[in-house]
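Colleague: I would like to learn how to read a structure step by step, and I would be glad if we could go through one together. Please show me the example first.

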Amino acid sequence: MALRMASPYLHPKTHVYWFRRAVPEALRPRVGKTILSISLGTKDAALAKARFLEVALDVQKKWDALKRGIKLDMAVAPKPLSNMQRQGLAGEFHRWLVSKHEDDPGAAAAWRERIERDRRVMRPSGQRPSGAVGLYLDQVRAFLDEREIMVDDNDLFDLSMAAAEAGVQAKERACQVG
């Protein structure tokens, strides 16, 4: 019998790849779920495979630490964010993005191009605006990691949608300064 290697799961509706793994039974009470699902934030198969390996390694390290009795807050299922918390984080994300370009914003024309590209992705004609999630997903993850904030997949989706709007606003500000 051939051994099948774990690989990214392609969501049938969104066509975004996900990391999915059954939580070991002994860890389920501490992790708070039976299946761990983490969006890989891409529709590209090659990129999804690379991200999958990174996530798998990180998850295994956390599970190994839990097995050794090390308490990890990040391994515990996060509580859902309230709307106020989500909006507050989106505002902080906006300030975080602005601060990255405040000293040297660059050329206004380049910012205008980025703004238009983002708006086309966020509001494709005749489609739902779910493309906005992928625009800032990596930056939202970096922002949350810096603050050691863990959110569940639904909140990550909602926060990434709000972050897309905040990102465009941050680019508009850089365009005015630049």
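This is a predicted model: local features need pLDDT of at least 70, side-chain atom pairs count only at pLDDT 80 or more; totals for chains, interfaces and linings use all residues.

Colleague: How do I decide whether R86 is buried or exposed?

Modeller: The general idea is to look at the relative accessible area and to call a residue buried when the value is under 20%. R86 has a relative accessibility of 16%, and therefore R86 counts as buried. If residues up to four places away in sequence are not counted, R86 touches L81, D155, D158 and L159.

Colleague: Is R51 then buried or exposed, and which residues is R51 in contact with beyond its neighbours in sequence?

Modeller: R51 lies in helix α2, residues 45–67, and counts as buried because its relative accessibility is 16%. Leaving aside neighbours within four places in sequence, R51 is in contact with L40, G41, T42 and D138.

Colleague: What about K67, is that residue buried or exposed?

Modeller: K67 also lies in helix α2, but K67 is exposed, since its relative accessible area is 53% and the word exposed applies to values over 50%. Not counting residues up to four places away in sequence, K67 touches L27 and Q60.

Colleague: Now to the rings: how many aromatic pairs does the structure hold?

Modeller: There are four aromatic pairs in the structure.

Colleague: Why does the pair of F93 and F143 tie together parts that are 50 residues apart in sequence?

Modeller: The reason is that F93 lies in helix α3 whereas F143 lies in helix α5, residues 132–146, so the pair joins parts 50 residues apart in sequence. F93 is buried, with a relative accessible area of 2%, and F143 counts as buried at 1%. Together with W96, these two residues form one aromatic cluster.

Colleague: How should I think about a nonpolar core, and which residues of the largest one touch the most other members?

Modeller: In soluble globular proteins, nonpolar side chains tend to be buried together. The largest nonpolar core here has 23 residues, of which F93, Y136, V140 and L144 touch the most other members. The elements giving two or more residues to this core are α3, α4 (108–122), α5 and α6 (153–177), and α6 gives the most, with eight residues. A second, separate core has 14 residues, among them V31, L40, V59 and L66.

Colleague: Finally, in what order do the strands of the sheet come?

Modeller: Three strands form an open sheet in the order β1-β2-β3, with antiparallel pairing. β1 (9–10) and β3 (35–39) stand at the edges with a single partner strand each, so one side of each is left without a neighbour in the sheet. Strand β2, residues 17–22, pairs with β3 over five bridges, and R21 stands opposite L36 in β3. Helix α2 lies across β2 and β3, running at about 30° to β2.

Key. Residues are numbered from 1 along each chain as its sequence is written. Side-chain values use heavy atoms; hydrogens and water are left out. Buried means under 20% relative accessible area, exposed over 50%, partly exposed in between (1.4 Å probe, protein chains only). Contact means heavy atoms within 4.5 Å. Rings of Phe, Tyr and Trp (its six-membered ring) pair if their centres lie within 6.5 Å; planes under 30 degrees apart count as stacked, over 60 as edge-to-face and the rest as tilted. Helices (H or I, at least four residues) and strands (E, at least two) are DSSP runs, numbered from the N terminus. A nonpolar core is a set of buried Ala, Val, Leu, Ile, Met, Phe, Trp, Tyr and Cys residues joined through side-chain atoms within 4.5 Å. Two strands pair if DSSP finds at least two bridges between them. Axes are lines fitted to C-alpha atoms, for helices over the stretch in contact, and angles run from 0 to 180 degrees between N-to-C directions.
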